[in-house]
Every structure is written in structure tokens, then in C-alpha cells.
Amino acid sequence: MTDLLRARLADMADPAYRAFQLPLLPGVEHYLGVRLPILQKLAARLAKEGWRDELAAPDQTFEEQMLRGLILGRLEGTPAEILPIIREFLPKIDNWAVCDSFCAGLKIAKIYKEEMFSFAVECGADPAEYIARVGAVLLLWYYAGPGDLPRSLAAYRAITCPGFYARMGVAWGYSVFAATDFAQTVAAMQAAGLDDATWNKALQKMRESRRIAPPQKQWCRQHKRR
């Protein structure tokens, strides 16, 4: 990001918010403490004007990295136009917050379903922890409906990155898929040969979900691995 925007972000920082949020972002350095709604509003404006200049300059803070992802999510264009820019961004993601916010706001995933499904599968198969998480999170956000569930579950079997945040993204995804079809999701989890930590986290998130029925939550309690 440019120096002008960097200075503007520093002015928007909230020290109290920084102190509250920083423990939730392990490994994150250079965190200013700018609230997400402020960044989202700024990204919406920059996506319409001046985004090329901002993205051409390197990032120095967490907020700049987050803003970059939010801008990319709002760009209009075809996958052929936008995906090359996204692919340049992916290796720079180094925390779950930027990953998940970027995925949740990726506008073209709602428009170009087939192209972006292939992109999500590509990311999920990547050995890099946060790129693999991008794949997992894109699938749970945009491809969890009944029509997409079988291929999303198949794609999850190809996510083999052992990184903690990649595996936790997979666990989260299974809990979302279970709300669509519990039996099909559990069968896919069993066939995938999940490690104990991922299996148990998926069941935990199912128990915490308001979309999972009480009998299914009871099944999750009974099948936690010891």
C-alpha cells in the first residue's frame, strides 16, 4: 500500500481494539488495530478507484494485507482477469483472519461458479498451509449446497496439508457441510481417514452449530475420539 494510505490507516487505529484482538491473531506482527468494518468500507471505495496503485506497493502491516484481500474480493472482471492477481496474493497470506475475510468477500465466486470451483480445488491441494485453507474456506462458503456437496466432499479428501490452520479450515468445512447432509458428510469424513485433531474439531463445531439437530449432536458426542 502507498505511504498516504498507510498513514491514513495509522490514524484509524484503535489502541484498545488492538489490545483486545492481538491475542486472537497468533504470529501476527505490525498490527495497528483498525476495525474490520472500516477496512471493508475503504476496500469498497478503492476497488472502484485507485486500486492498481495501492496493490502495486508492498504491505507493511496486517491492515494493509487485510485491505489487499478485501479489495481483490470486490474487483469486477472475469476469472481470467482477476485470478492472476489473486494468485500473486495467495503466498502473502500468513494468518487465518486475512484468509477467511478474503474468501468471504470474493465476489467472482458467486458469479463464475465453475471456474472458481476449479480454483478452490487447486488451492486446497496446495502444500502451503494458508493457500490450502483458502481452498477449504472457499468450498465451505460457496459450494456447501445440496447440488455441490458431493464434489466439495471429494475435494476435501485432496486437502492433505498438515498445517494446523489448513486442518482447522477442513474441520470447519465439514461442520458446514453437515448442516446440508449430515449422513453424507460423516460418511465422507470416515472415508477421508482424518487425523484425530481434525475429526474432533469437526465434531465440536457441529455440536456448536445451530443448524445441526440434537440427535446429530448426540452422535458427535458419542464419536469423539479419545
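This is a predicted model: local features need pLDDT of at least 70, side-chain atom pairs count only at pLDDT 80 or more; totals for chains, interfaces and linings use all residues.
Local features require pLDDT of at least 70 and side-chain atom pairs count only at pLDDT 80 or more, whereas totals for chains, interfaces and linings use all residues. Residues are numbered from 1 along each chain as its sequence is written, and side-chain values use heavy atoms, with hydrogens and water left out.

Helices are DSSP runs (H or I, at least four residues) numbered from the N terminus. Helix α5 (residues 62–74) packs against helix α6 (residues 79–89) at an angle of about 160°, the two axes lying 11 Å apart, where axes are lines fitted to C-alpha atoms over the stretch in contact and angles run from 0 to 180 degrees between N-to-C directions. The two helices α5 and α6 are therefore roughly antiparallel (angles under 35 degrees count as roughly parallel, over 145 as roughly antiparallel, 65 to 115 as roughly perpendicular and the rest as oblique). Helix α3 (residues 36–46) and α5 have axes that come within 8 Å and cross at roughly 50°, and α3 and α5 are therefore oblique to each other.

On the surface, F20, L24 and W96 form a nonpolar patch with about 320 Å² of accessible area together, the area being computed by the Shrake-Rupley method with a 1.4 Å probe and, for residues, with only the protein chains shown counting as cover. Patches are made of residues with over 30% relative accessible area and no salt bridge, like charges being joined within 9 Å and nonpolar side chains (Val, Leu, Ile, Met, Phe, Trp, Tyr) within 5 Å. F20, placed in helix α2 (residues 15–21), is exposed at a relative accessible area of 57% (buried means under 20%, exposed over 50%, and partly exposed in between, with a 1.4 Å probe and protein chains only). By contrast, T61, in the loop between α4 (51–56) and α5, is buried, with a relative accessible area of 14%.

The structure holds 13 salt bridges, each defined as a side-chain nitrogen of Lys or Arg within 4 Å of a carboxyl oxygen of Asp or Glu. In one of them, R35 pairs with D14, the closest N and O atoms being 3.3 Å apart; R35 lies in the loop between α2 and α3 and D14 in the loop between α1 (3–12) and α2, so the pair ties together parts that are 21 residues apart in sequence. A salt bridge also joins R87 to E122, with the closest N and O atoms 2.8 Å apart, and this pair links distant parts of the chain, R87 in helix α6 and E122 in helix α9 (residues 113–124), 35 residues apart.
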